[in-house]
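We will go from stop to stop, selecting as we go.

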Amino acid sequence: MKQLVLTLIGQDKPGLVDNLATVVNENNGNWTASNLSHLAGYFAGILQLEVSEQDLPKLTQALEQMSDLEVKIQHGIEHTLNEQQHLRFVITGNDRPGIVRELSSVIKHKGTNIIHFESSKQGAPNWGVPLFTAVATVELPANVSRSEVVKALEAIATDIVVDIDTDV
């Protein structure tokens, strides 16, 4: 089976996911993973599919002909599974410009690799400023401990709280 990774964007309206799922199904694709969102009036997402070699051209053509979505198709890259340790955490703090850059800089500096990152800004009337929340999973190199990464993240500012998911 061939692995495909699709990036999608289009003006949001009802039925986009159903249309996409129909195209995938009618062309013998298998929807294996996705992250879909509504952002500022647009539907955006990333999707992983698998499809047989013989159905690949037909599925690719059908996806490229979708009129309501811009679809970019990448072929998956074969990789070996590592026995890397993962760290999943939730970061909460006062929102400010540059907070994602600060977080990503610490993560990069520690040699970890972001494998999932989701963020949002929420109103917090009792605090006087909006709150930033991020949920992330990173892959730790063998020589880096979980506590080392957490301490580095917490050192960004006194208003940042890092909660660790111990189930990972």
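Contact, on this tour, means heavy atoms within 4.5 Å. One caution before the first stop: this is a predicted model.

**Stop 1: helix α3**

Select residues 99-109, which form helix α3. Colour I99, E102, L103, V106 and I107; these are the buried residues of the helix. Now look down the axis of α3. The buried residues fall within an arc of 130°, so they line one face of the helix.

What do the buried residues of α3 pack against? Show β5 (85-94), β6 (113-122), β7 (131-140) and α4 (146-154): the buried residues pack against these elements.

Turn to the face of α3 that points away from the buried side. Exposed residues R101, K108 and H109 sit there. Then step just past the end of α3 to G111, which has a positive phi of about 80°.

**Stop 2: the four-stranded sheet**

Next, show the open sheet of 4 strands. Its order is β2-β3-β1-β4, and the pairing is antiparallel. Find the edges: β2 (30-39) and β4 (70-75) each have a single partner strand, so one side of each lacks a neighbour in the sheet. On average, neighbouring strands are turned by 15° against each other, direction ignored.

Zoom in on β2 and β3 (residues 42-51). These two strands pair in the antiparallel sense over 9 bridges. In general, strands of a sheet pair through backbone hydrogen bonds, either parallel or antiparallel.

**Stop 3: L39**

Select L39, in strand β2. Opposite L39 stands Y42 of β3. Is L39 buried or exposed? L39 is exposed, because its relative accessible area is 51% and the cut-off for exposed is over 50%.

**Stop 4**

Show helix α1 (residues 16-26). It lies across β1 (2-11), β2 and β3, and runs at about 160° to β2.

α1 and α2 pack at an angle of about 160°, their axes 9 Å apart. The pair is therefore roughly antiparallel. The crossing of α1 past α2 is right-handed.

Finish with the side chains between them. From α1, select L20, V23, V24 and E26; they meet K58, L59, A62 and L63 of α2.

Conventions. Residues are numbered from 1 along each chain as its sequence is written. This is a predicted model: local features need pLDDT of at least 70, side-chain atom pairs count only at pLDDT 80 or more; totals for chains, interfaces and linings use all residues. Side-chain values use heavy atoms; hydrogens and water are left out. Two strands pair if DSSP finds at least two bridges between them. Axes are lines fitted to C-alpha atoms, for helices over the stretch in contact, and angles run from 0 to 180 degrees between N-to-C directions. Buried means under 20% relative accessible area, exposed over 50%, partly exposed in between (1.4 Å probe, protein chains only). The arc is that of the directions from the helix axis to the C-beta atoms. Angles under 35 degrees count as roughly parallel, over 145 as roughly antiparallel, 65 to 115 as roughly perpendicular and the rest as oblique. A crossing is left-handed if the near helix is turned anticlockwise from the far one by less than a right angle, and right-handed if clockwise.
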